[in-house]
Amino acid sequence: MKKVFVLLTVITAILLFMVTRNKEQTIIIYSCLEQFRGEELQKQLDERFPDLAIRVMYIPTAKAAAKIHMEGENSDADMIVGLETSYMHFIEDALGDISGYSHQEFMEGLAPADHDNLYVTWERQAGAFIINPSVLEKHGLPQPQTYEDLLDPMYKGLIAMPDPKSSGTGYFFYKSLINTMGDEAALAYIDDLERNIKLFSESGSGPIKLLIQGEVAIGLGLTFQAVNEINNGNDFKIIYPAEGSPYSLTGTGLIKGRETDEDIRRVFSFLVNDFLVYDKKHFSPEQILVNQENTIANYPQNIQYADMQGIEDMSEKERLLGLWKY
């Protein structure tokens with residue numbers, strides 16, 4: 001009995017040591033997701049891995065990319081979630097090999113081309129013309145249907161668009177115009193559009209906020225934010241131009257050197273195979289997976305997407321932002 005007691009004591013001590021070790025070594029996830037999504041991720045991680053200390057830290061996209069690019073393998077982060085793919089390419093030298101982690105079936109063209117060993121596509125962020133009909137009615141104006149319609153002087157001061165230099169949303173509208181029209185025509189179009197713009201907002205959510213306040217009638221904004229406001233009782237309308245809904249993609253990856261840590265591997269596998277599906281189903285429903293479910297009411301169906309070739313190209317982004325005058 002004494003030997004059994006000693007053996008049980010040793011086993012207990014080892015288990016306690018392992019738990020203490022895990023709790024002391026915090027796994028850090030940089031999150032570029034909205035706060036409420038990060039909070040849900042933290043909740044689910046705490047429930048799934050009670051033996052681990054995991055911290056989800058919100059860091060804005062550009063700041064997260066700059067920090068990881070500068071620190072490389074010495075980054076405080078162990079993984080990054082929801083970072084725009086152009087920035088995923090920017091930090092690719094700091095990313096570890098994640099071959100074999102993801103078991104998702106992505107729609108054609110949405111898995112990372114030539115980079116599927118470095119990151120997993122996390123979501124598609126897409127936009128549309130978001131309309132506040134009551135403001136248009138107050139001015140006796142029709143609802144615009146095309147990019148060309150937005151140039152009509154009757155909409156002067158009634159349009160908001162995110163600034164491409166500070167907003168990924170603004171950039172994907174800009175890139176869509178470039179892809180559709182070519183540089184010269186797109187830049188001339190933006191010169192004409194600027195005459196009707198009330199504000200180039202710093203953030204992608206800026207136009208939605210102005211629409212809520214009734215300060216503009218038309219916002220070039222994110223579809224999922226518009227749907228959220230519709231479900232909150234705002235009488236908004238979503239209109240897609242003939243060129244399709246512009247979008248960008250985000251990704252999720254591991255920092256190089258973390259691939260050999262079994263605890264980090266467990267957390268990352270949960271992130272890209274379980275929480276990714278939950279996030280698409282409940283928060284960010286633009287389709288990226290072949291068999292993707294959506295529980296969000298009033299979300300548009302059968303969306304036609306714009307040609308976004310080159311949206312992940314950071315050198316192209318820098319070139320185009322250099323041409324932006326506003």
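Tutor: Over the protein chain as a whole, the mean pLDDT is 91, with 93% of residues at 70 or more. This is a predicted model, in which local features need pLDDT of at least 70 and side-chain atom pairs count only at pLDDT 80 or more, while totals for chains, interfaces and linings use all residues. Residues are numbered from 1 along each chain as its sequence is written, and side-chain values use heavy atoms, leaving out hydrogens and water.

The protein chain has 11 helices and nine strands (DSSP runs numbered from the N terminus, with H or I over at least four residues for helices and E over at least two for strands). Its C-alpha atoms fill a box of roughly 90 × 40 × 30 Å along the principal axes. Of its 326 residues, 52% count as buried (under 20% relative accessible area; exposed is over 50% and partly exposed is in between, with a 1.4 Å probe and protein chains only). Among contacts between residues at least 6 apart in sequence, 76% join residues at least 24 apart.

With that in place, let's look closely at the loop between helix 10 (262-282) and helix 11 (314-323), where Asn298 lies. Asn298 has a positive phi of about 65° although it is not a glycine, and Asn298 is exposed, with a relative accessible area of 53%. Asn302 belongs to the loop between helix 10 and helix 11 as well. The phi of Asn302 is positive too, at about 50°, and this residue is not a glycine either. Asn302 counts as exposed, at 72% relative accessibility.

Further along, Asp307 is also placed in the loop between helix 10 and helix 11, but Asp307 is partly exposed, with a relative accessible area of 42%. Setting aside neighbours within four places in sequence, Asp307 is in contact with Ser176, Asn179 and Glu243. For a sense of scale, the C-alpha atoms of Asp307 and Ala65 are separated by 25 Å, and these residues are 242 apart along the chain.

Next comes the packing of helix 11. Two packed helices are described by the angle between their axes and the distance between the axes. Helix 6 (residues 168-181) and helix 11 pack at an angle of about 90°, with axes 11 Å apart (axes are lines fitted to C-alpha atoms, for helices over the stretch in contact, and angles run from 0 to 180 degrees between N-to-C directions). Helix 6 is therefore roughly perpendicular to helix 11, a label that covers 65 to 115 degrees, with under 35 roughly parallel, over 145 roughly antiparallel and the rest oblique. Helix 6 brings Tyr171, Tyr174, Lys175 and Ile178 to the contact, and helix 11 brings Glu316, Lys317, Leu320, Leu321 and Leu323. Those residues divide into six nonpolar, no polar and three charged (nonpolar means Ala, Val, Leu, Ile, Met, Phe, Trp, Tyr, Cys and Pro; charged means Asp, Glu, Lys and Arg; the others, Gly among them, are polar).

Technical notes: Contact means heavy atoms within 4.5 Å. pLDDT is the predictor's confidence in each residue, from 0 to 100.
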